[in-house]
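Hi,

Here is the structure I promised to pass on to you.

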2 protein chains.
Amino acid sequence: MQSIPSEPTELDASRVIVTLTDRTELKTVPSLAELARGRFSQAMTDHMILVSYDPVHGWSAPEIKPYGPLSLMPASASFSYGTNAFEGMKAYMGPDGIPRLFRPEKNMARFVRSAARVALPAFSPIELLKLIRRLVTIETRWVPAAKGHSLYIRPMIIGTQSSLNLSVSDSALLWVMCTPSGPYFRNTRPLSLFAATDAVRAWPGGTGEHKIAINYGPTLTHHQNAQAEGHDMNLWLLGDKITEAGIMNFFVVLRRDDGDLDVLTPLLDGTILPGITRESVLALAAAHPSRIVLPGLSEETRLHPAERVLTMPELETWLAEGRVVEAFAVGTAVVVSPIGRIAWGGKDLVLPQFGDALGPVSKALRERILDIQEGEFEWEDWSVLCA
Amino acid sequence: MQSIPSEPTELDASRVIVTLTDRTELKTVPSLAELARGRFSQAMTDHMILVSYDPVHGWSAPEIKPYGPLSLMPASASFSYGTNAFEGMKAYMGPDGIPRLFRPEKNMARFVRSAARVALPAFSPIELLKLIRRLVTIETRWVPAAKGHSLYIRPMIIGTQSSLNLSVSDSALLWVMCTPSGPYFRNTRPLSLFAATDAVRAWPGGTGEHKIAINYGPTLTHHQNAQAEGHDMNLWLLGDKITEAGIMNFFVVLRRDDGDLDVLTPLLDGTILPGITRESVLALAAAHPSRIVLPGLSEETRLHPAERVLTMPELETWLAEGRVVEAFAVGTAVVVSPIGRIAWGGKDLVLPQFGDALGPVSKALRERILDIQEGEFEWEDWSVLCA
């Protein structure tokens with residue numbers, strides 16, 4: 001008698017099988033000085049999460065196991081057809097010696113959405129977060145205890161169906177790996193951006209709002225061009241519209257006639273990654289000064305955050321009018337970075353600069369975000385302990 | 001005394017190391033009936049080409065070895081950042097029992113261009129073609145000897161630098177795998193296309209003209225939507241402009257007032273893959289009837305191939321005027337397939353249909369192309385022997 005086929009199994013953190021690296025084979029954790037040199041380390045920690053999906057069994061029992069190579073068939077869907085999605089998040093060491101994640105449920109929700117965009121199987125974001133917290137707990141010694149330092153965490157899912165036919169991958173592999181990281185940029189020297197008019201990162205009806213491999217590979221040659229011209233990275237435009245800065249979200253701060261400040265970022269129109277730092281900046285700006293006072297900012301200064309279309313001609317006009325207080329870029333890796341100038345259509349737009357430092361608003365935001373991330377300041381449920 | 005560092009080694013087919021599968025472990029080649037059922041087989045042949053690149057040594061000695069899994073680090077650039085490029089080409093069995101490739105130098109040139117688009121290392125297309133011919137020679141028993149059948153060949157290159165930092169991958173893995181294939185569609189029933197106005201495959205300044213993973217994964221959900229609506233696949237538009245049909249190039253044939261026929265396909269504006277079947281159709285149409293007479297077409301009928309912007313409103317007008325002779329799609333996998341109808345903005349554009357057969361021009365082109373591919377008809381240097 002045949003057994004009745006059951007529903008594919010859901011991802012279930014309680015089934016995790018933990019295989020720890022032998023104590024004698026644990027890697028040496030890089031020092032803070034080494035992290036500062038390495039910028040964004042290529043050294044992964046000792047362990048990874050690995051879990052697979054197939055259409056018959058569903059999600060396998062998750063494994064936490066020594067970091068090591070994957071065995072994949074050459075015909076796996078991911079290679080030919082780019083059925084990959086990922087996330088970028090960080091664990092920070094708190095003053096209590098307990099690592100914490102920053103708004104991780106936001107990353108998990110975006111990860112599920114990104115996977116669906118390339119037709120990969122669904123999974124429970126709650127169960128995955130449980131596994132990640134467990135992994136971070138195991139890797140606690142890798143979480144650097146220094147301001148601006150963190151353990152970078154990369155969840156990843158790829159289609160593994162072995163077929164050269166372009167079709168939805170019925171199988172997948174999901175893993176999570178970690179690498180310790182110092183501050184992304186060694187200093188806060190203002191960035192020089194190159195706004196190429198012939199290079200497009202994303203477009204309406206495309207994939208710009210998802211964290212999928214597809215949005216990154218084609219930008220590398222443009223990035224090389226920007227650097228060859230002496231810039232740090234690209235400012236991505238869609239026609240005249242500003243979309244993203246490098247792999248970060250763009251912000252500009254304008255002084256109103258009444259002395260208040262507008263804190264503006266491009267509208268999420270499908271071409272822009274809904275960044276978690278972006279969302280946090282908007283929320284903190286809205287909370288100042290009624291619910292939170294941002295460090296170094298006057299309680300008299302009201303901030304008016306807004307998501308709207310921002311164009312290069314507008315920015316040029318605002319600069320000419322002397323209304324621009326500062327421009328900056330935000331993202332998980334960098335947190336907040338100042339923008340000093342933008343080359344665009346033969347012009348060189350020079351933004352307000354503050355030496356090798358951030359402007360008043362971005363500095364206040366960066367400090368408060370770091371404080372929340374590093375457990376120095378409690379704010380809503382943004383900081384989630386791994387213990 | 002230290003040796004002077006030398007230039008990275010170029011790809012060199014003469015260095016190939018061939019390791020054949022043990023005779024007792026060779027796979028069973030599927031029968032034609034099995035190929036007909038499997039459409040586009042998931043079974044790879046016995047052997048593959050594998051060669052790696054690193055910045056110190058350059059290209060390794062190429063291997064031809066048993067097909068099997070690849071070992072890749074989880075942090076390889078390809079997974080996170082979609083630094084992948086590929087090709088699709090076919091070997092056909094000639095009447096002399098010798099397999100031949102169809103214009104393979106076109107695939108090789110496109111492969112090099114696609115790899116460069118995602119900043120992967122360059123390689124000699126001539127050396128890679130030598131390796132592929134050697135592989136096909138070894139796999140001769142896998143090349144089906146039947147009209148419309150072939151050995152599908154998939155060259156692939158991925159970035160393998162192990163780093164979570166978004167940067168140019170300084171390392172790569174290149175491989176070539178093969179799978180026998182019957183006709184892509186089981187019959188020539190005309191295709192029903194869904195021209196979604198909110199789904200965009202490619203954009204000016206994007207990657208549409210390259211054969212990279214990026215152009216495929218995001219189309220899967222749109223393809224599911226099209227099939228859920230009862231269509232075979234998408235017709236990709238950019239605004240009103242027709243770009244591609246599924247993963248094929250689009251053609252429409254119009255009758256002129258003088259009785260001649262226009263054979264039109266969208267202009268290569270950067271959003272369209274420069275298909276090799278597309279290019280061959282244009283060349284054969286231009287050669288008829290002065291240099292070649294296409295089977296079944298009158299010598300009185302002149303064909304005027306042209307690459308130009310084609311829009312949906314134009315197509316609608318031409319249909320209303322009774323000028324459309326037929327529309328069809330072309331590509332390596334399908335060769336030529338008829339298009340029967342297009343759903344667009346609530347309208348159902350019905351194109352001329354010929355039962356379950358091709359129209360006069362596409363039928364003539366398909367037959368001549370198959371004859372050239374299968375060694376039944378000599379035409380320029382389009383057919384390249386593997387011996």
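Predicted model: local features only at pLDDT ≥ 70, side-chain atom pairs only at ≥ 80, totals over all residues.

Where they touch, 26 residues come from domain 1 of chain A and 25 residues from domain 2 of chain A.

How much area is buried between the two domains of chain A? The value is about 2300 Å², and carbon and sulfur atoms give 59% of that. On the domain 1 side, A:Phe102, A:Arg110 and A:Arg117 lose the most area to domain 2, together 28% of what that side buries.

There are polar links too. Three salt bridges are counted between domain 1 and domain 2 of chain A, and 10 residue pairs are in polar contact across the interface. For the domain 1 side, α3(A) gives the most, with six residues.

Now for the lysine. UniProt, in an unreviewed entry, places the feature "modified residue: N6-(pyridoxal phosphate)lysine" at A:Lys211. You will find A:Lys211 in the loop between β11 (191–195) and α5 (219–228) of chain A. Is A:Lys211 buried or exposed? A:Lys211 counts as buried because its relative accessible area is 11%, and the cut-off for buried is under 20%. Leaving aside neighbours within four places in sequence, A:Lys211 is in contact with several residues, including A:Glu87, A:Arg110, A:Tyr216 and A:Leu273.

Enjoy exploring, and write back with any questions!

Best wishes

Methods: Residues numbered from 1 in each chain as written. Chains lettered and ligands numbered in written order. Heavy atoms only, no water. UniProt positions renumbered as here; feature names shortened; annotations may be inferred. Helix = DSSP H or I, 4+ residues; strand = E, 2+ residues; numbered from the N terminus. Buried < 20%, exposed > 50% of the residue type's maximum accessible area, 1.4 Å probe, protein only. Contact = heavy atoms within 4.5 Å. Buried area = accessible area lost by both parts, 1.4 Å probe. Salt bridge = Lys/Arg side-chain N within 4 Å of Asp/Glu carboxyl O. Polar contact = N/O pair within 3.5 Å; in protein donor to acceptor, adjacent residues only side chain to side chain.
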